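Visitor: Please show me the sequence and the structure, and then take my questions one at a time.

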Amino acid sequence: MTFAREVISRNGLQRLGTIIEDGDDLGEVLALSLRAFLELMEHGVVSWETLSIPFVRKVVCYVNMNLMDASVPPLALGLLESVTLSSPALGQLVKSEVPLDRLLVHLQVMNQQLQTKAMALLTALLQGASPVERKHMLDYLWQRNLRQFIYKVEGGGPGGPLCSSLPVSPCSNLGLAVLQNIIHSAAPMGDEMAHHLYVLQALMLGLLEPRMRTPLDPYSQEQREQLQVLRQAAFEVEGESSGTGLSADRRRSLCAREFRKLGFSNSNPAQDLERVPPGLLALDNMLYFSRNAPSAYSRFVLENSSREDKHECPFARGSIQLTVLLCELLHVGEPCSETAQDFSPMFFGQDQSFHELFCVGIQLLNKTWKEMRATQEDFDKVMQVVREQLARTLALKPTSLELFRTKVNALTYGEVLRLRQTERLHQEGTLAPPILELREKLKPELMGLIRQQRLLHLCEGTLFRKISSRRRQDKLWFCCLSPNHKLLQYGDMEEGASPPTLESLPEQLPVADMRALLTGKDCPHVREKGSGKQSKDLYELAFSISYDRGEEEAYLNFIAPSKREFYLWTDGLSALLGSPMGSEQTRLDLEQLLTMETKLRLLELENVPIPERPPPVPPPPTNFNFCYDCSIAEP
C-alpha cells in the first residue's frame with residue numbers, strides 16, 4: 001500500500017494509462033503495464049469510475065484483437081471485469097463493445113488463465129445486466145450450436161490434432177464449451193474458475209425464479225388448459241374421447257375425481273399450486289415430465305391411482321414438494337456467494353437441466369416410496385430420504401445426467417440407512433483409529449464376561465421338552481451344569497413342578513467326555529426329512545452334544561424353548577468345549593458392552609478432539625551421558 005500510494009502520487013498511474021492507451025508496443029511492455037495498472041488499482045486508492053471512456057475502449061480492443069503475445073488478453077479481460085463490477089456506466093460500455101461471441105472464442109482456447117478471465121468477464125456482464133437482458137444473453141449463449149463440432153473432435157478441443165483442419169466457429173454453445181474445454185480439461189481446475197462456474201450456474205438457475213415466485217392464477221385460461229392437458233395425458237377422458245356430450249355437473253365431478261387420482265390434495269388443483277414457492281414452476285415440471293416421458297408419467301399415475309391398499313404415491317403432491325426440494329438444494333433465487341465453488345458439471349452439458357433433474361427425481365420418489373412401503377402418513381419421511389439421496393448424489397458432482405441417474409438409483413433406502421449409521425458412528429468417534437484400538441483391547445475382557453454369564457445360565461438350568469417318535473413334544477426334562485462346571489446333570493420331571501435339586505437329577509454327563517456340539521439339521525433327533533413350519537422351527541431350535549459312552553458315540557439331544565435359550569445354551573456349551581461363541585446374541589451383547597465401556601472410558605475426554613494417529617515418538621538422544629549416579633559422593 002505504501003508503494004502504491006507513492007507511485008500514484010507521482011502520476012505513475014497516469015503514465016501507465018498513457019502506455020496502455022497509446023498501444024505502441026503490443027508485447028511485453030503492454031503486458032507489464034496492464035499488470036502494474038491492475039495491481040495499483042486493486043489497492044482502492046483510485047476509483048475505477050475515474051477511468052476514461054477512450055482508455056476502456058482501448059482495453060476492449062486488446063480483448064477483441066488477435067495478439068501474438070498470449071499474456072495480454074487475460075490481463076485486459078481481468079481489467080474489464082473489475083471495471084464492469086465497479087462502475088455500472090463503464091460496465092454498459094464494456095457490454096456494448098465486447099461481443100459475447102468473442103468471449104466464447106476465448107473459452108475455446110486451451111489456455112487456463114485466458115479461460116478463467118474470459119469466464120470472469122462473462123459472469124460480471126451477466127450479473128450487471130437486468131433480469132430481462134440477462135435472460136436474452138443466456139438464451140443467446142445457449143442457442144449457439146457447437147454440439148456436433150465437439151463430438152467430431154472427440155475431446156481434442158479447439159486447437160487439438162483432430163480439429164487443426166476445422167475452422168473454430170465463434171458461434172459456440174456455452175455449455176458444451178465449458179464442459180469440454182474446462183471441466184474435462186486435463187489440467188486441474190483452479191478455485192477461481194470453479195467460483196465463476198458456480199456463479200454462472202446460479203445465474204442460469206435464477207431464470208426459474210419468476211416462475212417459482214408466481215402462484216397459479218385460477219382465472220388464467222392458459223393455466224387452466226395446462227392443468228387439463230396434464231389430466232388428459234394420464235386418464236382417458238370419459239365421454240369426450242367418444243364424442244358424446246357430458247353434463248356440466250358430470251364433467252366437474254369427473255375432473256375433480258381424476259385430479260384427486262392425479263395426487264392433488266384438493267379437487268381444485270389451483271389451491272395446491274397457490275403455494276409459493278414452488279408456484280408455477282411445479283406445474284412446468286409436471287408438464288415437462290408428461291410430455292417428454294409420457295410412458296413413465298402414465299405408468300406412475302395409473303400404477304398409484306389404481307391402488308387400494310393406502311400405499312399409493314401422490315404424483316402432484318410429490319411433484320410440488322420435489323420442486324421445492326430441488327430449489328432449496330440448488331439455491332434457486334438466492335444471491336450468489338462471493339466465495340462458493342459448489343457447481344454441478346452436468347448443468348453445462350444438458351438442455352433443460354432443471355426439468356430433466358426433476359424427471360429423475362420424481363421417478364426416484366416413486367421407487368423410494370415402494371422401498372419404504374410408505375403410506376400417506378409417511379409422506380414427509382419419504383421426502384426426507386429423497387432429499388438425502390439427491391443431496392448425496394449432487395455432492396459427487398456427476399458430469400452427466402445419465403451418470404447422476406445411475407448413481408442416485410443405486411442409493412437405495414437401505415443404503416441411506418447404512419450411511420446414516422456409519423456417519424453417526426463417525427460423529428461419536430466410534431470409528432476413529434484410537435477408539436477401534438481401544439475396543440480391540442477391551443474385547444478379551446468383555447468376552448470373558450459374556451462367557452461367565454453363559455456358564456452361570458447353564459448352572460441355573462432350563463426346562464426342555466422331549467420329542468417322541470411321532471414328533472410330539474409331550475414330555476419334560478430338566479438339564480443344568482454343576483457349579484464346578486464338570487458335569488451336566490439332567491432328568492425327567494413333571495409339568496408344573498418346581499425346579500429339581502442337583503441331587504435329585506439321576507443322569508450325569510461329564511464335560512470331559514463331550515466331543516462336539518451339533519446344531520440344526522446335523523442333529524440326529526431332527527435329521528429325518530420333514531416338511532412344514534413345525535419341522536423348520538425344530539431345525540432352528542435343535543442342538544445336540546456328542547459324547548463317549550464306552551467305545552460308542554452317543555448324543556444328548558435338546559429342543560430349546562426359545563431362540564434366546566438356544567443362543568445361551570449353544571454359547572455355554574461352546575465355551576465348555578473350548579470353541580468360540582459365535583451366536584448372534586453374543587455379537588449383540590459384545591457390541592452393547594463395548595459401546596458402554598468405551599463411553600465410560602471416554603467420559604473425561606468429552607469435547608476433546610481425538611487425533612487419528614498417536615503423536616510421533618521423538619528420536620532418542622545422541623548419547624545417554626546424563627544419568628546421575630547417586631552412589632558417587634560429591635566432593
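Visitor: At what angle do helix H8 and helix H9 cross?

Guide: This is a predicted model, in which local features need pLDDT of at least 70, side-chain atom pairs count only at pLDDT 80 or more, and totals for chains, interfaces and linings use all residues. Residues are numbered from 1 along each chain as its sequence is written, and side-chain values use heavy atoms, with hydrogens and water left out. Helices (H or I, at least four residues) and strands (E, at least two) are DSSP runs numbered from the N terminus, and axes are lines fitted to C-alpha atoms, for helices over the stretch in contact, with angles from 0 to 180 degrees between N-to-C directions. The axes of H8 (residues 112–128) and H9 (residues 131–143) come within 8 Å, and the crossing angle is roughly 145 degrees.

Visitor: How many charged residues are in the contact of H8 with H9?

Guide: Contact means heavy atoms within 4.5 Å. H8 contributes Leu122, Leu125, Leu126 and Gln127, and H9 contributes Arg134, Met137, Leu138 and Leu141. Ala, Val, Leu, Ile, Met, Phe, Trp, Tyr, Cys and Pro count as nonpolar, Asp, Glu, Lys and Arg as charged, and the others, Gly among them, as polar. The division is 6 nonpolar, 1 polar and, for the charged class, 1.

Visitor: How is H14 oriented relative to H18?

Guide: The axes of H14 (residues 221–234) and H18 (residues 294–305) are 9 Å apart, at an angle of about 80 degrees. Angles under 35 degrees count as roughly parallel, over 145 as roughly antiparallel, 65 to 115 as roughly perpendicular and the rest as oblique. H14 is therefore roughly perpendicular to H18.

Visitor: Which residues of H18 meet H14?

Guide: The contact of H14 with H18 has 6 nonpolar residues, 1 polar residue and no charged ones. From H14 come Leu230, Ala233 and Ala234; their partners in H18 are Tyr297, Ser298, Val301 and Leu302.

Visitor: Is Ala31 buried or exposed?

Guide: Ala31 is found in helix H3 (residues 28–41). Leaving aside neighbours within four places in sequence, its contacts are Asp69, Ser71, Val72 and Leu75. With a relative accessible area of 8%, Ala31 is buried.

Visitor: What is omega for the cis peptide bond that joins Pro277 and Pro278?

Guide: Pro277 is found in the loop between helix H16 (269–272) and helix H17 (280–292). Another cis peptide bond joins Val276 and Pro277, with omega about -15 degrees. For Pro277 and Pro278, omega is about 20 degrees.

Technical notes
Buried < 20%, exposed > 50% of the residue type's maximum accessible area, 1.4 Å probe, protein only.
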